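User: I'm new to this one. Can you walk me through the ligand site, then a bit of the fold?

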Amino acid sequence: MFENLKKDALKQIETANDLQQLEKVRVALLGKKGVITEQVKSIGKLPPQERPEAGKILNQLKNEVEEAIEKKKEELQKKESGKLSPKLWVDVTLPGARRRVGHRHPISKTLEEIETIFVSMGFKIVEGPEIEDSWHNFDALNTPEWHPARDEHDSFYINDLLLRTHTSPVQIRTMLSEQPPIAIISPGRVYRRDYDATHLPMFTQVEGLYVNEDVSVAHLKYVLERFAQQIFGKERQIRLRPSFFPFTEPSFEVDVSCGVCGGKGCQACGYTGWLEILGAGMVHPNVFKNVGYDPQKWTGFAFGMGVERITMLKYNIKDIRDFVRNDKRFLENF
Ligand code: PHE
């Protein structure tokens, strides 16, 4: 009795291969209109003497089927919990999320290059304070009270102190604390009240100072030419043009030959063939006097360059303000 029903029910349960299908099987067997349920209902139609026996068998069958469903359910749940739902499927062939790599700032990069070049020529790196007094920033550098560089509009003053307007005060501090021969460069930030496409109120300079006996303009030119060729390229040349700085005599503006036209003249160099890169000169005797050096015995050269300017020339950057905009699309190029 009911043997076929049982066999069929167990087979259906066994072949269900996911929880959804198993649920369908359960409803078909034990639901309100399920086959087994119908059988149970129909017991009442049997002759009274057959009812207890049929009831017993059917009850047992129902229990067995329920147990089998429960067992199968556990089995399928275990299997399916190990799987990801299709909603969470990942296409492993897609390229990964890109992690952006940080970049050195172009100014830091150029500064490090400049330092490496001068260190290889025997210069030592010295740093000085960004907040200076006017004696170190001006007076000791032979820059008298009336000089336009002392105009309040060019400098940031804080009572008697100021943000240094150049790295030249480090020359003074070094000569006060050391005796010649001296060969130093001094990198650092300087401050002026200026802001446009070629000026920032805070920018970076590298000062150079060489003091020894019998130093001449030829030494200055040699060192700066080596520098220019290492930072811009072997084929570059430099020239010295007469200029004026209170702390050097003679003073020069130093130009490098244009890398675009090779010196013939083009738009990049304003049709002159040359690009200005720095200021330089022979240390003024008054500067030596101010630090207690004998100007009869000691001679020297000094130079000062803007790192932003060098970087702009090297990479053909048109607006100095790009260095401080923190735009990754710009910074990523270096
Ligand atoms: N200090 C000068 C400036 O800031 C540059 C300079 C340095 C010139 C040393 C000559 C010698 O413009």
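User: Where does H166 sit relative to the ligand nitrogen?
Analyst: A polar side-chain atom of H166 is 3.0 Å from a nitrogen atom of the ligand. That is a polar contact, meaning a pair of N or O atoms within 3.5 Å. Keep in mind that this is a predicted model, where local features need pLDDT of at least 70, side-chain atom pairs need 80 or more, and totals for chains, interfaces and linings use all residues. Residues are numbered from 1 along each chain as its sequence is written, and side-chain values use heavy atoms, leaving out hydrogens and water.

User: And what about S168 and R192?
Analyst: S168 has a polar side-chain atom 3.0 Å from a ligand nitrogen. For R192, a side-chain N or O atom lies 2.8 Å from a ligand oxygen.

User: Which strand gives the most to the shell?
Analyst: β10, with three residues. Strands here are DSSP runs of E, at least two residues, numbered from the N terminus. β6 (202-212), β9 (274-283) and β10 (299-306) each supply at least two shell residues.

User: New topic. How do β7 and β8 run, parallel or antiparallel?
Analyst: Antiparallel, with seven bridges joining β7 (residues 238-245) to β8 (residues 248-257). Strands count as paired if DSSP finds at least two bridges between them.

User: What joins them?
Analyst: A hairpin links β7 to β8 through two residues. S243 stands opposite S251 in β8.

Conventions: Polar contact = N/O pair within 3.5 Å; in protein donor to acceptor, adjacent residues only side chain to side chain. Helix = DSSP H or I, 4+ residues; strand = E, 2+ residues; numbered from the N terminus.
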